[in-house]
Amino acid sequence: MEPDDEGRTLTPEERRRRRRRNLALAWFLVLLVVLFFVTTLVRLGGNVANRPL
């Protein structure tokens, strides 16, 4: 086992829980980015193509 940043050795269960927590946070961030992207597209609607050049 490798010591973590605080110099403490994590048990396999702690490492597994940390990994699951990090994956959950990553999926939440991806979901948030997709939500903002879709919201922006819906709010812009067809006006994106009707702008003066």
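A: Glu13 and Arg16 both lie in helix H1, where three residues, about one turn of the helix, separate them. Please keep in mind that this is a predicted model.

Q: How do the side chains of Glu13 and Arg16 meet?

A: They meet in a salt bridge, with a distance of 2.7 Å from N to O. In general, side chains of opposite charge can pair when their charged atoms come close.

Q: Are Glu13 and Arg16 buried, partly exposed or exposed?

A: Glu13 has a relative accessible area of 40%, so it is partly exposed. Arg16 is partly exposed as well, because its relative accessible area is 39%.

Q: How many salt bridges does a search of the whole structure find?

A: The search finds two. One of them is the pair Glu13 and Arg16. Another joins the side chains of Arg8 and Glu14, at 3.4 Å from N to O.

Q: And what is the relative accessibility of Arg8 and of Glu14?

A: For Arg8 the value is 41%, so this residue counts as partly exposed. Glu14 has 28%, and it therefore counts as partly exposed too.

Q: Changing topic: how many helices and strands are in the chain?

A: The chain has one helix and zero strands. That helix, H1, covers residues 12–44, which is 33 residues.

Q: What should helix H1 span, and what is the distance between its end C-alpha atoms?

A: At 1.5 Å a residue, H1 should span 48 Å. The end C-alpha atoms are 48 Å apart, which agrees with the expectation.

Q: Which residue follows H1?

A: Gly45 follows the helix, and its phi is positive, near 55°.

Q: How far apart are some C-alpha atoms, say those of Arg19 and Leu32?

A: The C-alpha atoms of Arg19 and Leu32 are separated by 20 Å, and these residues are 13 apart along the chain. For Arg18 and Thr40, which are 22 residues apart along the chain, the C-alpha separation is 33 Å.

Q: Arg18 and Arg19: where are they, and is each one exposed or partly exposed?

A: Arg18 is in helix H1, and Arg19 is in helix H1. Arg18 has a relative accessible area of 35%, so it is partly exposed. Arg19 reaches 57% relative accessibility and therefore counts as exposed.

Q: Which residues form a nonpolar patch on the surface?

A: The patch is made of Leu23, Trp27, Val30, Val34, Phe37, Val38, Leu41 and Val42. Together they have about 810 Å² of accessible area. Val34, one of these residues, is found in helix H1. Its relative accessibility is 44%, so Val34 counts as partly exposed.

Q: What about the chain as a whole: what box do its C-alpha atoms fill?

A: Along the principal axes, the box is roughly 60 × 20 × 10 Å. The radius of gyration is 21 Å, whereas a compact globule of 53 residues would have one near 10 Å.

Technical notes. Residues numbered from 1 in each chain as written. Predicted model: local features only at pLDDT ≥ 70, side-chain atom pairs only at ≥ 80, totals over all residues. Heavy atoms only, no water. Helix = DSSP H or I, 4+ residues; strand = E, 2+ residues; numbered from the N terminus. Expected span 1.5 Å × (residues − 1). Buried < 20%, exposed > 50% of the residue type's maximum accessible area, 1.4 Å probe, protein only. Patch = residues over 30% accessible without salt bridge, like charges linked within 9 Å, V, L, I, M, F, W, Y side chains within 5 Å. Areas by Shrake-Rupley, 256 points an atom, 1.4 Å probe, with all protein chains shown as cover. Salt bridge = Lys/Arg side-chain N within 4 Å of Asp/Glu carboxyl O. Rg over C-alpha atoms; globule rule 2.2 N^0.38 Å.
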